[in-house]
There are 2 protein chains.
Amino acid sequence: MTGNHLAAELNPPPRLIMGPGPLMADPRVLRAMATPMLGQFDPAFLDVMARTQAMFREVYRTQNEQTLMIDGSARAGIEAALVSLIEPGDRVLVPMFGRFGHLLREIAERCGAEVVIIEQEWGKVFALDDLEKAIKRHSPRIVALVHADTSTTVAQPLEGIGALCRAQGAYLYVDACASIGCEDIRVDDWEIDAISSGLQKGLSGPPGMSPVSLSERAVKRIRNRRHVEAGVRPAGYVAGEGPRIRSNYFDLSMLMDYWGPDHLNHHTEATSMIYAAHECARIFLQEGHEAVFARHRSVEAALRAGLEAMGLTIFGDRAVKMSNVTGVFIPGGVDGDAVRKGLLTHFGIEIGTSFGPLHGKIWRIGTMGYTARKENVLICLGALEAMLLKAGFKLPAGEAVQAAIKVFDKAAR
Amino acid sequence: MTGNHLAAELNPPPRLIMGPGPLMADPRVLRAMATPMLGQFDPAFLDVMARTQAMFREVYRTQNEQTLMIDGSARAGIEAALVSLIEPGDRVLVPMFGRFGHLLREIAERCGAEVVIIEQEWGKVFALDDLEKAIKRHSPRIVALVHADTSTTVAQPLEGIGALCRAQGAYLYVDACASIGCEDIRVDDWEIDAISSGLQKGLSGPPGMSPVSLSERAVKRIRNRRHVEAGVRPAGYVAGEGPRIRSNYFDLSMLMDYWGPDHLNHHTEATSMIYAAHECARIFLQEGHEAVFARHRSVEAALRAGLEAMGLTIFGDRAVKMSNVTGVFIPGGVDGDAVRKGLLTHFGIEIGTSFGPLHGKIWRIGTMGYTARKENVLICLGALEAMLLKAGFKLPAGEAVQAAIKVFDKAAR
């Protein structure tokens with residue numbers, strides 16, 4: 001490779017990305033990242049940070065003072081929340097209904113938790129009663145739950161779970177990576193103690209930053225583990241009584257000091273990614289929660305109509321299906337990976353494969369954020385139809401796109 | 001804030017950033033971040049990742065196969081290296097000669113290490129003999145060392161330390177955040193087992209990504225702790241015998257699987273930041289190691305000449321002074337913070353304050369990467385002179401800039 005790299009400028013092919021994420025970023029977010037740097041303690045940069053926090057409070061519908069960004073992917077936000085909340089030996093209940101429940105379990109174990117799981121069949125979610133029983137039975141210190149799991153295309157209704165947790169003295173953590181910007185999230189109303197997400201799905205940004213929000217009671221628990229590193233301790237500093245958090249980078253106590261009015265030195269904030277987060281939130285709020293959610297529902301209805309018009313079957317429990325990812329069964333006799341490859345090489349379109357028990361059975365088509373647009377649905381349906389015809393699958397040619405257009409036309413009236 | 005945020009577009013003031021970092025990013029790096037997204041397993045994206053790895057091998061002057069990026073700030077790279085190398089109970093030796101030694105100690109402690117420190121006065125570095133004695137005396141499993149510490153403006157010469165470590169069965173980790181792209185780093189020649197850095201100083205990029213490289217023996221040690229998370233385990237998977245790494249996000253064993261030919265699912269790679277890293281490395285290699293280092297030395301010589309012409313005194317042991325950060329004593333009777341504030345508000349120029357024992361005693365002026373340019377030195381000197389005159393400090397007006405120009409002219413001949 002020596003020598004050649006000098007010529008190898010960055011020049012990736014254009015793609016229509018309709019997988020489970022990352023998807024395409026809004027051009028306004030991409031442009032925001034080209035904004036020149038600011039010093040990390042420059043008053044102008046602190047102002048950008050504060051405005052980003054304020055906007056994410058609105059996105060999450062919360063008054064939580066402690067709403068801040070983790071510099072890392074969505075998984076970094078999960079780990080920051082869990083490693084800061086979980087004291088080694090704590091019991092953590094993970095209700096699992098897809099791949100990302102496995103991830104919460106895995107991270108909680110590495111934080112030193114005693115993890116208890118309950119499992120639901122992929123494609124379904126938990127009834128509130130079942131969660132109540134499990135919480136009463138296991139008396140966990142923390143309940144860690146995925147909101148929407150792209151692996152199964154369904155979303156767990158959250159209303160009522162926070163209250164159940166509080167009644168039992170537990171803290172509720174929610175991974176909202178796949179729902180933020182697409183499904184409603186009401187952090188305060190639903191009494192969520194800690195939530196994290198990402199920019200790269202419904203918020204039309206790049207992966208690499210995770211907005212986190214903490215309730216007052218979560219803050220109190222984490223503050224009790226405050227151990228500021230030597231060299232940056234403020235005057236009058238007293239360490240918390242709880243055990244030191246196992247990670248420095250993900251120590252939310254120190255991150256609160258960094259994002260708070262004292263701006264105690266910690267990591268060097270990821271300037272360009274903060275610009276991206278700022279723009280993601282601004283664009284979302286400009287369109288407005290309800291308009292954004294309605295757009296996702298309308299796009300999903302059109303996509304579904306098109307897929308069904310091709311004779312395909314939608315996966316999962318429709319009552320709890322996510323509006324932004326659609327699982328569709330790969331029809332018998334069709335090589336699912338060959339169709340995906342054909343979409344990429346002939347059309348430059350990416351759709352998703354699937355994990356675990358669904359691997360080889362369904363494709364996943366993502367319609368989130370900037371990608372959730374009429375033209376993308378129509379282009380994707382036409383291309384998928386062409387690849388299915390090429391694969392020898394019998395379908396009523398031309399009907400998918402017409403069916404989708406009908407749904408859009410109806411919604412526009 | 002509700003309502004107002006819609007109008008609050010991102011519009012930060014232009015700055016000439018000459019602190020210890022982050023500094024200004026090269027406009028080519030900023031533009032690279034505006035490149036549209038790719039799916040994380042798109043062959044075109046895997047190619048960008050592979051080329052980024054290949055270029056960072058050259059930047060680090062290593063053949064290490066395991067050269068990869070951590071999605072997070074420079075501190076994230078430190079934690080990934082240490083949490084993956086340190087097994088709880090391991091003895092870790094941290095030779096401390098500035099603020100960032102405190103950070104290595106802090107992170108190593110949180111990883112469960114028994115940390116032993118040796119300390120050197122701020123502004124000086126360790127003699128190889130002293131390091132040898134300490135390594136022999138304490139028999140550490142890991143030696144964790146800062147290469148260049150912006151807090152003291154000096155760099156620890158690294159040649160010979162790796163051999164000392166290997167002779168005693170220890171692993172050498174180096175934090176090269178402040179030296180990469182400015183001072184020579186020879187990972188293979190110097191037998192460094194693990195190294196991490198960042199983009200936001202000498203590499204002219206934004207903070208938020210940390211290039212890491214691991215020697216074969218470090219890889220072997222970390223592979224022995226391989227515990228792939230449930231749901232993504234490959235066929236024939238057997239867990240390593242060593243203890244599971246305490247972090248999921250920073251588990252270099254899983255990160256090697258993610259960056260390697262199998263591309264096992266882990267986090268969602270930070271697309272725009274990879275584009276930035278790719279461009280940072282490309283720009284650096286295009287100019288060439290030796291030319292970049294010479295540019296930094298020439299800029300530093302001119303800055304120093306200008307500061308001395310004002311009657312100011314340079315901080316630190318000149319024999320080991322970093323070429324990219326210059327500490328200068330705040331003259332008696334001058335309010336250091338008022339001068340810094342004046343530079344920012346009148347000129348839009350940021351220079352650095354200092355930490356710990358140097359707080360209030362020196363300013364730190366950074367000249368790294370894209371910022372290490374003749375015009376920036378001259379503008380900064382002129383502005384500092386003006387602020388010192390305004391503060392009532394007596395100096396030979398006009399001479400600083402002339403002295404610096406003379407150095408540049410001489411270097412250009």
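Visitor: How many salt bridges are counted between domain 1 of chain A and domain 2 of chain A?

Guide: The count between these two domains is one salt bridge. This is a predicted model, in which local features need pLDDT of at least 70 and side-chain atom pairs count only at pLDDT 80 or more, whereas totals for chains, interfaces and linings use all residues. Residues are numbered from 1 along each chain as its sequence is written, chains are lettered from A and ligands numbered from 1 in the order in which they are written, and side-chain values use heavy atoms, with hydrogens and water left out.

Visitor: Why is the meeting of A:R61 and A:E290 called a salt bridge?

Guide: The term requires a side-chain nitrogen of Lys or Arg within 4 Å of a carboxyl oxygen of Asp or Glu.

Visitor: What divides chain A into domains, and where do the bounds lie?

Guide: The bounds come from an automatic or database domain assignment. Domain 1 covers 23-285 and domain 2 covers 289-412. Their centres, taken over C-alpha atoms, are separated by 31 Å. Contact (heavy atoms within 4.5 Å) takes 32 residues from domain 1 of chain A and 28 residues from domain 2 of chain A.

Visitor: What area do the two domains bury between them?

Guide: Buried area is the accessible area (1.4 Å probe) that two parts lose on being put together, summed over both. For domain 1 and domain 2 of chain A the value is about 2400 Å², with 65% of it on carbon and sulfur atoms. On the side of domain 1 of chain A, the residues that lose the most area to domain 2 of chain A are A:W122, A:T153 and A:C182, together 26% of what that side buries.

Visitor: How many salt bridges link chain B and chain A, and what makes A:R75 and B:E229 such a pair?

Guide: The count between chain B and chain A is 12 salt bridges. The side chains of A:R75 and B:E229 meet at 2.8 Å, N to O, so this pair too falls under the definition.

Visitor: Which helix gives the most to the side of chain B that touches chain A?

Guide: Helices are DSSP runs (H or I, at least four residues), as are strands (E, at least two), numbered from the N terminus. Among the elements of chain B that each supply at least two residues to that side are α4 (99-110) and α9 (271-287). The most comes from α9(B), with eight residues. Between the chains, 82 residues of chain B are in contact with 82 residues of chain A, and the area buried is about 6900 Å², of which carbon and sulfur atoms give 59%.

Visitor: Why is the pair A:F97 and A:F126 called edge-to-face?

Guide: Rings of Phe, Tyr and Trp (its six-membered ring) pair if their centres lie within 6.5 Å; planes under 30 degrees apart count as stacked, over 60 as edge-to-face and the rest as tilted. By this rule there are 13 aromatic pairs over all chains. The centres of the rings of A:F97 and A:F126 are 6.4 Å apart and their planes lie at 85°, so the pair is edge-to-face. A:F97 is in the loop between β3 (91-96) and α4 (99-110) of chain A, and A:F126 is in the loop between β4 (114-119) and α5 (128-138) of chain A, so the pair ties together parts that are 29 residues apart in sequence.

Visitor: What kind of peptide bond joins A:G21 and A:P22?

Guide: The bond is cis, with omega about 0°. A:P22 is found in the loop between β1 (16-18) and α1 (27-32) of chain A. A cis peptide bond also joins B:G21 and B:P22, with omega about 0°.
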